[in-house]
Amino acid sequence: MEEFGGIDLGGTKIEAVIVGARSEVLASARRPTPVNGGPPAVAAEMARALREACAAAGVAPSSLTAAGVGSPGLVDGDSGAVTSARNLPSWEGTFDLGGTLSEALQTRVLVGNDVQVATRAEFELGAGKPYESLLGVFWGTGVGGGVILRGEDWLGRGGAGEIGHMVVKIGGERCACGRSGCLEAYAGRGAMEARARRQREKGKKTELFKIMQERGRPRLTSSVWERALEKGDRLAIELVDQAVAALGAGVGSAVNLLDIEAVVIGGGLGIRFGEPMAERIALAMHPHLFNDGQPPAVRVAALGDLGGAIGASLLARRAVGA
Ligand SMILES: [Zn+2]
């Protein structure tokens, strides 16, 4: 019996899965991403999450055929090194994530880009299954993207897929990346929250922060946005409308360049808002499509929160030719 491990390293949480021969999930575990201690502390917590998942599945980490990791930042797939993972606290230089985990878990560990492995998972097992070429758009704190062309991951020189930094407005809003007018500066949950706070300071009425407090959340999470929309909160509606318009322009421009068959929308907000919002994004995209007689299919990611970890396990499976 062959089992593979997969770990998705996120800015707030680490998700680990153990999958069987047909990529079925046998067990999973989740731990918060440590905010102190830098890369070594993060790696130790990742190993802990995978050990927990192993224990729940009744397998020893060392008996896994291999394990994969989806990590933010610049990933060197050959060496397993990760450089400047911006979303993670104090991860400025280069860290040998693959080597460190391999030693801790006593199994082979492959490292890939988090968004690319999640896109791959949707391509092989999820909403992207019927298609040969697709664009994955992960709408969460930021906006990440992954590209698959004729079945092959398109990584460029290692930095491809950054759809969040497509320019949707020249000279527009400041982005977390330091540039301006990026899609993420309008549609990223982090940017949407910053805009909501500024509007509130200017005296605009909104229920967003009240809902956040009622739910004991430190941030405007996807569920807070969803609730505010349900309650008809004017500011929430306005900011989500702007996000959808920006997604329409950014994703539409990517489609004009690549003419892929399908767009798969995932990420915290993408999954939370689901099918109705995917339809709205498709409508917002339409006026920007050059080839508007043949729009791509727009689908919601089917693997949910575990998609990243499952995608990481596929990386391990591919590396050993299974
Ligand atoms: Zn940017």
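Is His165 buried, exposed or partly exposed? His165 counts as partly exposed because its relative accessibility is 23%, on a scale where buried means under 20% relative accessible area, exposed over 50%, and partly exposed in between (1.4 Å probe, protein chains only). Before going on, note that this is a predicted model, in which local features need pLDDT of at least 70 and side-chain atom pairs count only at pLDDT 80 or more, while totals for chains, interfaces and linings use all residues. Residues are numbered from 1 along each chain as its sequence is written, and side-chain values use heavy atoms, with hydrogens and water left out.

Now for the greasy parts. A nonpolar core is a set of buried Ala, Val, Leu, Ile, Met, Phe, Trp, Tyr and Cys residues joined through side-chain atoms within 4.5 Å. The largest one has 46 residues, and Val137, Trp139, Leu208 and Trp225 have the most contacts inside it. Helix α8 (residues 234-258) gives the largest share of this core, eleven residues; helices (H or I, at least four residues) and strands (E, at least two) are DSSP runs, numbered from the N terminus. Another core, of 28 residues, lies apart from it, with Ala29, Met46, Phe95 and Leu105 among them.

Look next at Ser222, which sits in helix α7 (residues 222-230). Ser222 counts as buried because its relative accessibility is 7%. Leaving aside neighbours within four places in sequence, Ser222 is in contact (heavy atoms within 4.5 Å) with Arg189, Gly268, Leu269 and Arg272.

Finally, there's a sheet to find. Three strands form an open, antiparallel sheet in the order β5-β6-β7, where two strands pair if DSSP finds at least two bridges between them. β5 (74-76) and β7 (94-96) stand at the edges with a single partner strand each, so one side of each has no neighbour in the sheet. Three bridges join β5 to β6 (residues 81-83), and Asp76 stands opposite Ala81 in β6.
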